[in-house]
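This report describes a pair of chains, starting from one residue and widening to the whole. Please look at the sequence and the structure first.

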Amino acid sequence: MREAPFPAIWGIRASLTPRSTRIIPTCTTGMSTPEPSAVLPLQQPARAPLGAIAKAFLTVSVFGFGGGLVWARRIAVEQRGWLSDAEFLDIVSLCQFLPGPNIIGIAVCTGTKLRGAPGALAAIAGFLVLPWSVGLALGVLCLRYAQAPLLRHVLGGVSAAAAGLLIATGLRLLLPHRRRPFVIGLAVLALVLMAFSRLPLSIVLLALLPLSIARSAARRP
Amino acid sequence: MKPSPGLLALTFHLAIVSSISFGGFPTVLPDVRAFVVTIHGWIADQDFTNIFAMAQAIPGPNMILMMGLIGWKVWGLAGALAASAATFVPPCAIYFTAFRLLRRFQEAHWQRVLRSALVPVTTGLIIASGIVMAQAAGITWAAIAVTAAAAVVMLTTRLNPIWLLAAGGALGGLGLLV
């Protein structure tokens, strides 16, 4: 799903490899920016306006369906030139092992890098305020009629499909590790503990993470 | 106005789980469902599923919105604000601090170790979320088939997931999944 970070991250990593040069303001041709209307602004050496940061992450939030990361990179790296590819990758890999909805992490880190704490707040505000308010209003309206049979059936169908998307996201993450019995075994164990026992998440993490970290530390030179 | 003890408990619980939501917020869905549906009975399973479906279908920060709607369902606007804040404030504080402290140590050995250690656990948890939400969506053969089909299409094509949600909604709306 949108907030499951890893597959999208791997996708972006793959798409990053051929291009590693930083976008410089004089370079206005030969860009592979998908939007034909996108014009590269002159890169500002020091200050990105807070409003622009907020607007950028509003776009990431609204169009982020199926991969907010792709949009974050498109805007922050390709269109605005706020980050180099290497800086963007650094941020992505930092967010990769921190808890939380990772796309927000990218917003926070990009905002922080550009303008410090105010930049981070602007990025969060852009990402959340409008989409959250509109979404809440829509959701509340929907909930009011959720008992109507038609809407209930539609939501049931959406939910069944969305569950499938979550399962696919997890499976795709496991795919590169399919020949590593330890990884598969631990994933199955986490799955069974979380889905079928009534243990809280904190206990499951506390039981499994040390095991996984020990193994991972031992594997690497 | 005195804050309700239930809302405080939910806010506190969400703040804790969002702080340990390695691999993204979907990994904590089974825990949140157990907390609000099974343990406290604040919300019916049907409502939880409905809210999940809505949050997935509305563009924007879907997991934060989902927690907001759960808060709304029980405590109104105060609930929506508290539950949403508990979902995003702790991780944002962590991201902010970590970015300031750690960005110079990107390729530190322990970071690589931690990253690879998280893979098996978080993937298992994400799949568990899918299974739990599929169970909550209703255990009919048709619904299971929709879940399986969505997973297979997502894995084998690059189709935008919004179409899969739309297809699931259409099949459900036609009354084919009950």
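Leu177(B) has contacts in both chains of this predicted model. Leaving aside neighbours within four places in sequence, its contacts in chain A are His153(A), Gly156(A), Gly157(A) and Ala160(A). In chain B, its contacts are Gly138(B), Thr140(B), Ala142(B), Ala143(B), Val146(B), Leu171(B) and Gly172(B). The residue lies in the segment after α7 of chain B, a helix that covers residues 161-173. Is Leu177(B) buried or exposed? Leu177(B) counts as buried because 23 other C-beta atoms lie within 10 Å, where the cut-off is 20 or more. Val74(B) is 103 residues away from Leu177(B) along the chain, and 28 Å separates their C-alpha atoms.

**The contact between the chains**

The contact as a whole takes 85 residues from chain A and 97 residues from chain B. On the side of chain A that touches chain B, the elements that give two or more residues are α2 (50-63), α4 (85-96), α5 (102-144), α6 (149-174), α7 (181-196) and α8 (201-219). Which of these gives the most? That is α6(A), with 23 residues. By residue type, this side of chain A divides into 58 nonpolar, 21 polar and 6 charged residues.

**The two chains**

Chain A has 8 helices and 0 strands, and its pattern along the sequence is α-α-α-α-α-α-α-α. Chain B has 7 helices and 0 strands, in the pattern α-α-α-α-α-α-α. The C-alpha atoms of chain B fill a box of roughly 55 × 50 × 25 Å along the principal axes.

**A buried alanine in chain A**

Ala107(A) is placed in helix α5 of chain A, one of the elements on the side that touches chain B. Why does Ala107(A) count as buried? It does so because 34 other C-beta atoms lie within 10 Å of its own, and 20 or more are enough for that class. Not counting residues up to four places away in sequence, Ala107(A) touches Phe57(A), Val60(A), Ala123(A), Ile124(A) and Phe127(A). From Ala107(A) to Ile91(A) the C-alpha distance is 9.6 Å, and the two are 16 residues apart in sequence.

Helix α1(B) has 15 residues. From its first C-alpha to its last it reaches 21 Å, close to the 21 Å expected at 1.5 Å a residue. The buried residues of α1(B) are Leu10(B), Thr11(B), His13(B), Leu14(B), Val17(B) and Ser18(B). These residues lie on the same side of α1(B) because they cover an arc of only 170° around the axis. An α-helix has 3.6 residues a turn, so residues three or four places apart point the same way. Pro5(B), Leu8(B) and Phe12(B) are exposed on the other side of α1(B). What do the buried residues of α1(B) pack against? Their partners are α8 of chain A together with α2 and α4 of chain B.

Helix α2 of chain B runs over residues 29-39, and its buried residues are Leu29(B), Pro30(B), Asp31(B), Val32(B), Arg33(B), Phe35(B) and Val36(B). The cover over them includes α7 and α8 of chain A. From chain B, it includes α1 (5-19), α3 (45-57), α4 (62-102) and α5 (109-137). After α2(B) comes Gly41(B), with a positive phi near 65°.

**Confidence**

The model scores ipTM 0.85 and pTM 0.80. In chain B the average pLDDT is 89, and 96% of the residues score at least 70. Among the elements of chain B, the highest mean pLDDT is that of α1(B), at 95, and the lowest is that of α5(B), at 86.

Technical notes:
Residues numbered from 1 in each chain as written. Chains lettered and ligands numbered in written order. Predicted model: local features only at pLDDT ≥ 70, side-chain atom pairs only at ≥ 80, totals over all residues. Contact = placed C-beta atoms within 7 Å. Helix = DSSP H or I, 4+ residues; strand = E, 2+ residues; numbered from the N terminus. Nonpolar A, V, L, I, M, F, W, Y, C, P; charged D, E, K, R; others polar. Buried ≥ 20, exposed ≤ 12 C-beta atoms within 10 Å, placed from the backbone. Expected span 1.5 Å × (residues − 1). Arc of directions from axis to C-beta. pLDDT = per-residue confidence, 0-100.
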